[in-house]
Amino acid sequence: MNAEELKTLQAPIKDAYRKNPAAAIVTLKASGKIGEGIACRVGTGRALVEAGLHPATGGTGLQACSGDMLLEALVACAGVTLKAVATALQIDLKDASVTAEGDLDFRGTLGVAKDAPVGFREVRLKFDVHSNASPDQVKKLIELTERYCVVLQTLRNSPPTKTAVAAS
């Protein structure tokens, strides 16, 4: 897809959202069902993924780790956004990759140390971009990718998160 094709594809969508901002609000959903042992089966839309305990908390490593899945979602979103922005800016990416890594202190999640945080202490996102673009163009590419990456912005600007219980 080139810049003109992307613009043509998105122009009517953007126009509709300008005319009716409420139409741009879309609720994404995910659901899971508790599985055998300590696991949760999550439908991804393409496949069923079974998440379980990370080996650092007693898991076998045969099931997906939700922390890994969070980083994978970040990489997927950043990668798609990078490619879309490069296309819009007419930057030819010869090759590009995105990696994310994060540090967890599992003492927090296991309740071993009350002062240990539960969750990632830090997440690092790295872009490896190979292109004929100038350094200024690459800088702009990354700035816009960061700005428009939904998962990155959600992590940086955590929204209010509510929980609910349906018990029977």
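My entries start with the whole protein and then move to single residues.

**Ground rules**

I am reading a predicted model, in which local features need pLDDT of at least 70, side-chain atom pairs count only at pLDDT 80 or more, and totals for chains, interfaces and linings use all residues. Residues are numbered from 1 along each chain as its sequence is written, and side-chain values use heavy atoms, with hydrogens and water left out.

**Overall layout**

I looked up the secondary structure and found five helices and five strands. Helices (H or I, at least four residues) and strands (E, at least two) are DSSP runs, numbered from the N terminus. Going along the sequence, I read the order α-β-β-β-α-β-α-β-α-α. The radius of gyration is 20 Å, well over the 15 Å that the globule rule gives for 168 residues, so the protein is more spread out than a compact globule. For that value, the radius is taken over C-alpha atoms, and the globule rule is 2.2 Å times the number of residues to the power 0.38. I also noted that the C-alpha trace spans about 50 × 40 × 30 Å along its principal axes.

**Surface, burial and charge**

I looked up the accessible surface, which comes to about 12,400 Å², with 55% of it belonging to carbon and sulfur atoms. Such areas come from the Shrake-Rupley method with a 1.4 Å probe, and for residues only the protein chains shown count as cover. Of the 168 residues, 20% count as buried. Here buried means under 20% relative accessible area, exposed over 50%, and partly exposed in between (1.4 Å probe, protein chains only).

Next I checked the contacts, meaning heavy atoms within 4.5 Å. Among contacts with a separation of 6 or more, 51% come from residues 24 or more positions apart.

For charge, I found 20 positive and 18 negative charges, with mean positions 7 Å apart. Lys and Arg count as positive and Asp and Glu as negative, while His and the chain ends are not counted. Each charge is placed at NZ of Lys, CZ of Arg, CG of Asp or CD of Glu.

**The largest nonpolar core**

Which residues touch the most other members of the largest nonpolar core? They are L82, I91, L93, F127, L141 and C149, out of 16 residues in that core. The elements giving two or more residues to this core are α2 (66-88), β4 (93-104) and α4 (135-148). The largest share, six residues, comes from α2. A nonpolar core is a set of buried Ala, Val, Leu, Ile, Met, Phe, Trp, Tyr and Cys residues joined through side-chain atoms within 4.5 Å.

I then followed L93. Leaving aside neighbours within four places in sequence, L93 is in contact with L82, K83, A86, V129, H130, S131 and L141.

**V129**

V129 was on that list, and I found V129 in strand β5 (residues 120-131). V129 counts as partly exposed, at 21% relative accessibility. Not counting residues up to four places away in sequence, V129 touches L93, D95, A96, L141 and I142. V129 and S97 are 32 residues apart along the chain, and their C-alpha atoms are separated by 6.7 Å.

Is T57 buried or exposed? T57 is buried, with a relative accessible area of 17%, and sits in the loop between β3 (48-52) and α2. With neighbours within four places in sequence left aside, T57 is in contact with F106, T109 and L110.

Q90 lies in the loop between α2 and β4. Q90 is exposed at 67% relative accessible area. I noted phi of Q90 near 60 degrees, a positive value in a residue other than glycine.

T44 is in the loop between β2 (39-43) and β3. T44 is partly exposed, with a relative accessible area of 43%. From T44 to S31 I count 13 residues in sequence and 8.7 Å in space, C-alpha to C-alpha.

**Two residues of α4**

P135 belongs to helix α4 and counts as exposed at 70% relative accessibility.

E143 is partly exposed, with a relative accessible area of 41%. E143 and A11 are 132 residues apart along the chain, and their C-alpha atoms are separated by 22 Å.
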